[in-house]
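The sequence and the structure come first.

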Amino acid sequence: MNKLKISNKELRSLGIKHPEILMAIGRVANRILKQSLLTKEKILEAIAEMVTNPDDSNWSQKHLHDLYQVVKKEMKDFKSVSASNEISKNVIIAEKVMPFPIYGIENIETGAVSQMEISMRLPIALQGALMPDAHEGYGLPIGGVLATSENTVIPYAVGVDIACRMCLSVFPVEVERIDLKRKQLRELLFKHTVFGVGAKNQSHLNPEVFDKSEWSATKFIRQHRDLAYSQLGTSGAGNHFVEWGVLNVQQDLPEKNLPVGSYLALLSHSGSRGFGNEVASYYSKIAMDRIVLPREARHLAWLDLKSQEGQEYWIAMTFAGQYASANHHEIHGKISKDLGMNPISVIENHHNFAWKETLADGRKAVVHRKGATPANAGAIGVIPGSMTHPGFVVRGKGNVLSLNSASHGAGRRMSRSQAIKAFSLSDLQQVLEKYGVELIGGDTDEIPMAYKNIHTVMNLQQDLVEVIAKFQPFLVRMADPERRGFRKR
């Protein structure tokens, strides 16, 4: 096989999905390549620009003229065929709510239940479940899990912080020595974490994620590459954190190289930053323009995965997941390097994402987990508590009723604005002292009392996950009050 040949896989990575267009581009592009008129890199670069906006591309290289003419015609034909996808469509939702399990309804506000009920009236809904940490969000509630028909994805059911995730690094440090290292651990958080709305990072340890071809997949992704680069290794505001704690492993976890014992551990919570937010905002608007739902359901508009916009969103969402993982690895890598110690185990998982899965009855579906942890049989994940209460390493039980899902944390019992009104800095300091936790940054919007009881939440999902280890934080870093976007002091 000729390694220089431009493959269909490479063309698909540029966002070309339609078979006829794929064949036309491949045929002409490889003819140009075979005649050594242009390098493979130049051809792929030109194709990436052309398919994004074929009518406006600057075609100064004459040897690409044939390719331009062929693909321009194919794109024109394809657009005329798929024009119906671009026309707004009024959609009626069902009056009857499809049944779904609620884990701990006594622990969940009525607004979240109502939002889940609305989602279960969508014509594309196949199955759903509500986790015990659920609270109101936009469209699908936080803690909502929704399976839709296989060619549909709801941007707001993924969320605006695409691929928000947990990452836990475990170090072989004796618990008795942790207090001796406390000053060093504090300095590491100051030195290697950057927090806040719009926060930027000036130095990178390992930016290899920016070598990936996905950055050329669509015009939208290319336009936001610089933003993503500037924020690699940073965390947002809200409930995002990087914290040190003690991990008590209660049973051997051989698949993660973790025997029973106590360890020093670093836990982080953040997502795909401004890049993911831009993806969510842009494609949510397109979805709501295409699918016009009743007012109460408007944020549940979906994209057809067979459409250009649907394909673009799926590529961007999937890649935001890779970027979010790299973001955590950048933070953990810097801290580990400066600590002079490699972790013996790393555990991580998304909780704002959509997956293509097969339901228990054999139907193909897109499963949206908005603030929910994947809990497939044997899957290892992390469910955090609050800045003073423990988090847990869990193994999924593969409960099909919950769509193989569990909670993503304790869940809020009051909004951020309510918490700021209800509690003072003195209240925050008292609860920190009670649990022996040092907080760097943060504000009363994240005070532990604004959250549900994590132990109650875990008890409500014993059928969904098994607890393997408990993480108790003692040194927490969050965004400073002036970087949180809620108020200034």
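## Cysteines

Cysteine 167 is buried, at 0% relative accessibility, where buried means under 20% relative accessible area, exposed over 50% and partly exposed in between, with a 1.4 Å probe and protein chains only. Cysteine 164 is buried too, at 5%. A disulfide is a covalent bond between the sulfur atoms of two cysteines. With a disulfide taken as a pair of cysteine sulfur atoms within 2.5 Å, the count is 0.

## Basis of the model

The model is predicted, with local features needing pLDDT of at least 70 and side-chain atom pairs counting only at pLDDT 80 or more, while totals for chains, interfaces and linings use all residues. Residues are numbered from 1 along each chain as its sequence is written, and side-chain values use heavy atoms, with hydrogens and water left out.

## The open sheet

Helices (H or I, at least four residues) and strands (E, at least two) are DSSP runs numbered from the N terminus. An open sheet is formed by 4 strands in the order 2-3-12-11, with antiparallel pairing; two strands pair if DSSP finds at least two bridges between them. Strand 2 and strand 11 are the edges, and each has a single partner strand, so one side of each has no neighbour in the sheet. On average, neighbouring strands are turned by 15 degrees against each other, direction ignored. Axes are lines fitted to C-alpha atoms, for helices over the stretch in contact, and angles run from 0 to 180 degrees between N-to-C directions.

Strand 11 and strand 12 (residues 364-370) run antiparallel and are joined by 7 bridges. Glutamate 357 has alanine 365 in strand 12 as its bridge partner. Helix 5 packs on the sheet, touching strand 2 and strand 3, and its direction makes about 170 degrees with that of strand 2. Helix 11 lies across strand 11 and strand 12, at about 115 degrees to strand 11.

## Helix 5

Helix 5 (residues 110-119) is largely enclosed by the rest of the structure because 7 of its 10 residues are buried. Among them are Val113, Met116 and Ile118. The buried residues of helix 5 pack against strand 2 (125-135) and strand 3 (142-149).

## Nonpolar cores

A nonpolar core is a set of buried Ala, Val, Leu, Ile, Met, Phe, Trp, Tyr and Cys residues joined through side-chain atoms within 4.5 Å. In the largest one, of 57 residues, Leu122, Ile162, Phe275, Leu293 and Tyr313 touch the most other members. Elements supplying at least two residues each include helix 5, strand 2, helix 10 (273-290) and strand 11 (352-358). Helix 11 gives the most to this core, with 10 residues.

Beyond its neighbours within four places in sequence, leucine 122 is in contact (heavy atoms within 4.5 Å) with Ile93, Leu146, Ile154, Leu293, Leu300 and Trp302. A second, separate core has 53 residues, including Val382 and Leu403.

Glutamate 330 is in helix 11 (residues 308-339) and is buried, with a relative accessible area of 2%. A polar atom of the glutamate 330 side chain lies 2.4 Å from the backbone nitrogen of leucine 205. Residues touched by glutamate 330, not counting those up to four places away in sequence, include Asn201, His204 and Leu232.

Asparagine 327 is also in helix 11 and is buried at 0% relative accessibility. Leaving aside neighbours within four places in sequence, the contacts of asparagine 327 include Gln231, Leu232, Ser270 and Arg273.

Key. A polar contact is a pair of N or O atoms within 3.5 Å; within protein, one must be able to donate a hydrogen and the other to accept it, and residues adjacent in sequence count only if both atoms are side-chain atoms.
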